[in-house]
Amino acid sequence: MMYDIELKSVSKTYIGSDEAAVNNINLTVEKGSIVTLLGPSGSGKSTTLRLIAGFERANSGQITLAGKVVSDQSKWIPPEKRGIGMVFQDYALFPHLNVFDNIGFGYKEKDRKQRIMEVIELVNLKGYEKRYPNELSGGQQQRVALARALTRRPVVVLLDEPFSNLDTDLKNQMRIEVKRIIKEAEATAVFVSHDQKDALSISDKIVVMDEGTIQQIGTPRQIYQYPKNRFVANFVGQSNLLKGRVDTEDNTVETRIGIINCNTIDGGFDNKEEVLVSIRPDSFIMDHKGKLKGNIKELSYTGEAIEVVLEVQTPNNKKHNLLIRVSPDKVIHIGEEIKFNIIPNFVSVIKKE
Ligand SMILES: Nc1ncnc2c1ncn2[C@@H]1O[C@H](COP(=O)(O)OP(=O)(O)OP(=O)(O)O)[C@@H](O)[C@H]1O
């Protein structure tokens with residue numbers, strides 16, 4: 001496997017701080033792939049990006065870019081010699097330079113004009129060469145920032161919250177566009193984001209971080225369908241968490257609302273161990289012959305779905321609320337009783353701690 005980025009046991013504690021901003025992380029990024037560091041504020045995403053870029057130095061561990069060690073105990077390559085392109089949250093364009101000169105800033109190779117025109121075409125800004133940043137929309141400014149990062153054919157492009165200044169419509173459009181541009185440029189990219197929608201839609205792999213550590217690495221589908229712990233289940237999307245006892249032979253978990261079927265249960269659980277089962281709201285299906293039933297307590301129509309809070313009666317006469325998502329064509333009312341089944345697609349068994 002070819003990696004463009006490798007972090008081995010990398011830690012960073014800022015001077016004056018007692019806690020590590022990044023604590024012993026291991027990460028590999030395959031050549032040509034897009035990876036997003038996703039996590040809440042303060043989880044260490046930007047620090048990780050800054051360590052890769054060389055704006056900060058790790059206290060321990062090793063960082064390799066395109067097979068070359070750029071940082072360890074004895075070696076240090078400065079940011080400008082690492083072959084990286086950077087896109088900042090506010091794009092950091094030079095207001096007194098036009099699009100052409102912003103993109104070509106600092107690029108003095110022989111093919112200057114040709115290369116700048118190439119990336120201008122790649123980001124779809126032909127005809128805008130002479131405009132100044134204040135004559136551009138937010139999306140166009142972002143294209144300029146991305147073009148500038150790509151001009152030198154960097155090994156790795158690093159993007160720090162690139163969508164956070166865009167409104168929703170533009171954001172949806174730019175996610176697709178930025179992904180196309182990066183793939184077409186055959187670049188390896190690392191995004192930082194706290195927005196799960198950005199991460200799910202743009203990434204080949206997502207790295208979920210919390211408190212300076214990596215909680216889970218996986219494809220968007222793996223992260224959403226099979227969160228590995230409570231943090232990932234709650235931070236990426238929503239989840240119903242139920243305590244239960246696992247049966248590793250039947251692939252089921254016995255919970256207070258009944259026996260839940262799971263697709264497969266990974267090793268690492270003892271039979272009859274107490275666990276948590278995470279059920280995404282998308283894993284419920286209304287069915288008049290369904291084994292489970294509940295009363296609709298709340299409804300919220302989002303256009304794409306109806307989000308329902310369902311009060312389920314447990315076998316020992318207790319009540320348990322579930323969040324479920326129902327197809328928007330269903331006509332349902334508060335107070336109504338519905339029957340349903342749980343499809344095992346979005347059911348994940350996780351450790352209880
Ligand atoms: N220059 C600094 N000096 C001291 N502490 C810092 C510095 N930068 C970050 N930290 C601390 O390191 C931890 C990780 O911060 P970091 O900026 O990497 O998180 P983040 O996940 O990118 O957060 P955000 O989404 O808010 O940008 C936080 O506790 C933060 O307060």
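The chain contains eight helices and 20 strands, where helices (H or I, at least four residues) and strands (E, at least two) are DSSP runs numbered from the N terminus. The model is a predicted one, in which local features need pLDDT of at least 70, side-chain atom pairs count only at pLDDT 80 or more, and totals for chains, interfaces and linings use all residues. Residues are numbered from 1 along each chain as its sequence is written.

Taken along the principal axes, the C-alpha atoms of the chain fill a box of roughly 75 × 50 × 40 Å. Of the 353 residues, 37% are buried. A residue counts as buried if 20 or more other C-beta atoms lie within 10 Å of its own, as exposed if 12 or fewer do, and as partly exposed in between, with C-beta atoms placed from the backbone. Among contacts between residues at least 6 apart in sequence, 66% join residues at least 24 apart; a contact requires C-beta atoms, placed from the backbone, within 7 Å.

An unreviewed UniProt entry annotates residues 5-236 as "domain: ABC transporter". UniProt positions are given here in the numbering used for the model, feature names are shortened, and annotations may be inferred rather than shown by experiment. In the model, this span is 32% helix and 25% strand, and its end C-alpha atoms lie 24 Å apart.

Four strands form an open antiparallel sheet in the order S2-S1-S4-S5, two strands being paired if DSSP finds at least two bridges between them. Strand S2 (22-30) and strand S5 (68-71) are the edge strands, each pairing on one side only. Neighbouring strands of this sheet are turned by 20 degrees against each other on average, direction ignored; axes are lines fitted to C-alpha atoms, for helices over the stretch in contact, and angles run from 0 to 180 degrees between N-to-C directions. Strand S1 (residues 3-12) and strand S4 (residues 60-65) run antiparallel and are joined by five bridges. Ile 5 stands opposite Leu 65 in S4.

In helix H3 (residues 112-122), the residues Ile 116, Val 119 and Ile 120 are buried. They lie on the same side of H3 because they cover an arc of only 105 degrees around the axis, the arc being that of the directions from the helix axis to the C-beta atoms. The buried residues of H3 pack against helix H2 (99-103) and helix H4 (138-150). Gln 114 and Glu 121 are exposed, on the face of H3 turned away from its buried side. Just after H3, Asn 124 adopts a positive phi of about 60 degrees.

Definitions and conventions
Contact = placed C-beta atoms within 7 Å.
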